[in-house]
Amino acid sequence: MGSVGTVDQPEAGVVMPARGQYSDIVSYSQAHLRLKTDRGRADQYECITCGGQAREWAYMGDGSDALTDDLGRLYSTDQTAYEPMCVACHRRHDRAVADGRPIDECPRGHKWDEANTGIRRSRSKGVGLRFCRACHRENAAERRERLRMEAA
Ligand SMILES: [Zn+2]
Ligand SMILES: [Zn+2]
């Protein structure tokens, strides 16, 4: 860990072919278009972290199957590497990746371990979606608190 730039590691930004789900190499926008076609728009889902209205598909992979576009954005032809997120959680996630923080944590820093990872089925597509149980507990508590304040 932490040995960035050693000789036996591929250089960051090198475009590696994906695991062969598709024989052709697709662009960033083509990959996102396929995502939309196969899994639907992100705003049909709830954000996997906070449970709010999702707006964007967030790349959640560990980078092992990732491609990099001209702008340095990571993407993948593996659609299971994406999760729906709201804009705030997505930005937080991207910052964590940019800072080199582990992405086996949700954007708020909860571990994605077995006990904390819930699986929900989307209403429209029947795709298994994971969500952070700790965030949902916190959100529910915040919602209760807000309602209590409003009622007071
Ligand atoms: Zn969110
Ligand atoms: Zn969380």
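Helix H2, which runs over residues 87–98 of this predicted model, has 12 residues that should span 16 Å at 1.5 Å a residue, and its end C-alpha atoms are 16 Å apart, which agrees. The expected span is 1.5 Å times one less than the number of residues in the helix, while helices (H or I, at least four residues) and strands (E, at least two) are DSSP runs numbered from the N terminus.

Within H2, the residues Cys-89, His-90 and His-93 are buried, where buried means that 20 or more other C-beta atoms, placed from the backbone, lie within 10 Å of the residue's own, exposed means 12 or fewer, and partly exposed means in between. Seen down the axis of H2, the buried residues fall within an arc of 100°, so they line one face of the helix; the arc is that of the directions from the helix axis to the C-beta atoms. An α-helix has 3.6 residues a turn, so residues three or four places apart point the same way. The buried residues of H2 pack against E1 and strand E4 (82–85), whereas Arg-95 and Ala-98, on the other side of H2, are exposed. After H2 comes Gly-100, which has a positive phi, near 75°.

| Helix | Residues | Number of residues | Span between end C-alpha atoms | Expected span |
|---|---|---|---|---|
| H3 | 133–151 | 19 residues | 27 Å | 27 Å |

Of the 19 residues of H3, the number buried is one, so this helix lies largely in the open.

Strand E6 (residues 128–132) contains Arg-130, a residue that is partly exposed, with 16 other C-beta atoms within 10 Å. Leaving aside residues up to four places away in sequence, Arg-130 touches Ile-48, Glu-83, Thr-117, Gly-118 and Ile-119, a contact being a pair of residues whose C-beta atoms, placed from the backbone, lie within 7 Å.

Confidence is expressed as pLDDT, the predictor's own score for each residue from 0 to 100. The protein chain averages 77, and 74% of its residues score at least 70; over residues 1–10, however, the pLDDT is below 50.

Residues are numbered from 1 along each chain as its sequence is written, and chains are lettered from A and ligands numbered from 1 in the order in which they are written. Because the model is predicted, local features need pLDDT of at least 70 and side-chain atom pairs count only at pLDDT 80 or more, while totals for chains, interfaces and linings use all residues.

Conventions: Two residues are in contact if their C-beta atoms, placed from the backbone, lie within 7 Å.
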